[in-house]
Amino acid sequence: MASLKKVLFVCVENSNRSQMAEAFARIHGAGKVEAHSSGSRPSGRVNPKAVEAMRELDYDLTTHTSKGLDAFNGTDVEVAVTMGCGDECPLVKATRRVDWQIPDPRDMTPEQFRGVRDLIEQKVKELIATL
């Protein structure tokens with residue numbers, strides 16, 4: 001059996017985009033990826049809007065926590081995905097680096113938030129197909 005590919009999704013607060021990306025990687029990459037998320041300046045909470053957006057897809061985001069990059073210092077990952085946070089994201093030991101320019105949905109309407117959620121799901125599926 002092939003080993004799981006470790007994938008790390010990083011945004012600034014680790015409360016929206018990276019949390020949803022981690023969830024989609026767990027859903028669509030089960031048995032193929034080990035998904036993690038973190039933030040360069042974690043908010044300490046998962047945004048209730050993200051929880052609700054994922055609940056609509058039968059995923060319980062309340063089991064996730066907002067965390068910083070400290071746990072990943074010196075850790076090797078297959079892919080590190082940043083989400084448009086630019087210099088806010090410190091370097092992680094990654095075989096491959098990807099930057100997705102995805103807007104922060106924090107202050108968006110529920111409909112706009114769902115659009116960002118769906119974009120993240122699409123990009124996660126595309127990423128998993130390349131592993």
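Predicted model: local features only at pLDDT ≥ 70, side-chain atom pairs only at ≥ 80, totals over all residues.

Colleague: Which residues of α2 are buried, and what puts them on the same side?

Modeller: In α2 (residues 48-55), they are A50, V51, A53 and M54. They span an arc of only 165° around the axis, so they sit on the same side of α2. The arc is taken from the directions from the helix axis to the C-beta atoms. The end of α2 has something too: N47 caps the N-terminal end, with a side-chain oxygen 2.8 Å from the backbone nitrogen of K49.

Colleague: And why is something called a helix or a strand in the first place?

Modeller: Both are DSSP runs, numbered from the N terminus: helices are H or I with at least four residues, strands are E with at least two.

Colleague: How do you know whether Q19 is buried or exposed?

Modeller: Buried means under 20% relative accessible area, exposed means over 50%, and partly exposed is in between (1.4 Å probe, protein chains only). Q19, in helix α1, has 0% relative accessibility, so Q19 counts as buried. Contact means heavy atoms within 4.5 Å, and Q19 touches residues including S37, V46, L61 and H64, not counting those up to four places away in sequence.

Colleague: What is 3.0 Å from a polar atom of Q19's side chain?

Modeller: The backbone oxygen of T65. A polar contact is a pair of N or O atoms within 3.5 Å; within protein, one must be able to donate a hydrogen and the other to accept it, and residues adjacent in sequence count only if both atoms are side-chain atoms.

Colleague: Now the sheet. In what order do the strands come?

Modeller: The order is β2-β1-β3-β4, four strands in an open sheet with parallel pairing. β2 (33-39) and β4 (93-99) stand at the edges with a single partner strand each, so one side of each has no neighbour in the sheet.

Colleague: What makes β1 and β2 a pair?

Modeller: Two strands pair if DSSP finds at least two bridges between them. Strand β1 (residues 5-11) and β2 have seven, in the parallel sense. In one of these, L8 is partnered with H36 in β2.

Colleague: Why is the aromatic pair of F9 and W100 called tilted?

Modeller: Rings of Phe, Tyr and Trp (its six-membered ring) pair if their centres lie within 6.5 Å; planes under 30 degrees apart count as stacked, over 60 as edge-to-face and the rest as tilted. A search of the whole structure finds one aromatic pair. F9 and W100 are 6.0 Å centre to centre with 45° between the planes, hence tilted. F9 is in strand β1 and W100 in the loop between β4 and α3, 91 residues apart. At 1% relative accessible area F9 is buried, and at 6% W100 counts as buried too.

Colleague: What is E78 called, going by its 27% relative accessibility?

Modeller: Partly exposed. E78 is in strand β3, and its C-alpha atom is 5.3 Å from that of K6, 72 residues apart along the chain.

Notes:
Residues numbered from 1 in each chain as written. Heavy atoms only, no water.
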